[in-house]
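Q: Hi! I've got a structure open and I'd like to talk it through with you. Can we start with a single spot on the surface and work outwards?

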Amino acid sequence: MDRRTPLAAGSGLLAVVAGVSAALGAPAAVGLVAALAGAMAAVLAVGALTQARASERRAVAAETQIDGLRGELHVADQGRRDAEARLEWRTQLTAVRRATEDDHLTDATTGLLAEGWFVVALESRLAGARRNLRPVAVVVLDVVVGLSGGRPAPADPRRVAAAVTATIREADDAFRLRDGVFALLLDDTTDTGAMWTAERVRDAIAGVEPDAVLWAGVACYPAHGLTTDEVLDRADTALDAAREWRQHRIEVATSVES
């Protein structure tokens, strides 16, 4: 196999042509030279095409390797952010426990998280949402019975808690606040998703408390507020609007621009 470059091979062909021209004479040599010149051009073209294709394959392989490295860097960076979020969560939880030694983190009646942990948990979720550009939803629930008879009273908190915990995802949190209102903290959830969650909770409660009426206020970061206070304030305002109805009602907060 001839391992010479196309240019070296062409030079060899020219030497052969020169020898043939001397033997055959000028007229025959002209035709032979033209034919061999075309063959030499074809050889050079094929060599250039082969080199170009080899360069293209090397470029594709290099780009694939770069994409792989980018993917590994993204995974590593996401892992670092998740680790920071977990560390922040644990740090805040420790701070709450030390600051509220006589305030339980869970509600004794329902087993849900208590109000003392609600604001801290929301602040932690919002901090993670700002880093990862994801929404966070808050749903405040008020469930009463006896409204049809004109003597409304809070529904059995244990039944409400059971319906809530059976409905929400493992990544979500549920709280019972001091005034008997319940709160849901839904990660990576828009107001539409929060409404669906509230509706599923309503249906679950209706299965165990047919006379119960659920009022709910929904607010989301960043659509309805950029800080903890703004989100909570708009969720409470939406709940007050829902309470004006004498039937099941879910109200969504107004946007930041409103």
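Q: Is aspartate 179 buried or exposed?
A: Aspartate 179 is exposed, with a relative accessible area of 60%. Buried means under 20% relative accessible area, exposed means over 50%, and partly exposed is in between (1.4 Å probe, protein chains only). Accessible areas come from the Shrake-Rupley method with a 1.4 Å probe, and for residues only the protein chains shown count as cover. This is a predicted model, where local features need pLDDT of at least 70 and side-chain atom pairs count only at pLDDT 80 or more, while totals for chains, interfaces and linings use all residues. Residues are numbered from 1 along each chain as its sequence is written, and side-chain values use heavy atoms, with hydrogens and water left out.

Q: Thanks! Where does aspartate 179 lie?
A: In the loop between strand 4 (173-176) and strand 5 (182-187). Helices (H or I, at least four residues) and strands (E, at least two) are DSSP runs, numbered from the N terminus.

Q: Which residues form the negative surface patch?
A: Glu123, Asp179, Asp229, Glu230, Asp233 and Asp236 form it. Patches are made of residues with over 30% relative accessible area and no salt bridge; like charges are joined within 9 Å, and nonpolar side chains (Val, Leu, Ile, Met, Phe, Trp, Tyr) within 5 Å. Asp and Glu count as negative and Lys and Arg as positive, while His and the chain ends are not counted. The place of a charge is taken as NZ of Lys, CZ of Arg, CG of Asp or CD of Glu.

Q: Which helix gives the most to that patch?
A: Helix 6 (residues 228-242), with 4 residues.

Q: Let's zoom out. How many helices and strands does the chain have?
A: There are 6 helices and 7 strands. Along the sequence they follow the pattern α-α-β-α-β-β-α-β-β-α-β-α-β. Of the chain's 258 residues, 35% count as buried.

Q: Which residues of helix 3 are buried?
A: Among them are Trp117, Phe118, Val120, Ala121, Leu122 and Arg125. A handy general point is that an α-helix has 3.6 residues a turn, so residues three or four places apart point the same way.

Q: And what follows helix 3?
A: Leucine 133, whose phi is positive, near 55°. Leucine 133 is a residue other than glycine, and it lies in the loop between helix 3 and strand 2 (136-145). Leucine 133 is exposed, with a relative accessible area of 76%.

Q: What is phi of aspartate 188 near?
A: Near 50°, again a positive value in a residue other than glycine. Aspartate 188 lies in the loop between strand 5 and helix 5 (191-208). At 45% relative accessibility, aspartate 188 counts as partly exposed.

Q: New topic: how many salt bridges are there in the whole structure?
A: A search finds 11. A salt bridge is a side-chain nitrogen of Lys or Arg within 4 Å of a carboxyl oxygen of Asp or Glu.

Q: Which residue does aspartate 172 pair with?
A: Arginine 169, with the closest N and O atoms 2.7 Å apart. Aspartate 172 counts as buried at 7% relative accessibility, whereas arginine 169 counts as partly exposed at 41%.

Q: What about aspartate 156?
A: Its side chain meets that of arginine 158 in a salt bridge (3.5 Å, N to O). Aspartate 156 is partly exposed, at 23% relative accessible area, and arginine 158 is exposed, at 54%.

Q: And aspartate 203?
A: Aspartate 203 forms a salt bridge with arginine 202, the closest N and O atoms being 3.3 Å apart. Elsewhere, salt bridges that share partners join Asp142, Asp240 and Arg243 into one network.

Q: Last one: is the peptide bond from tyrosine 221 to proline 222 cis or trans?
A: That bond is cis, with omega near 0°. Proline 222 lies in the loop between strand 6 (213-221) and helix 6.
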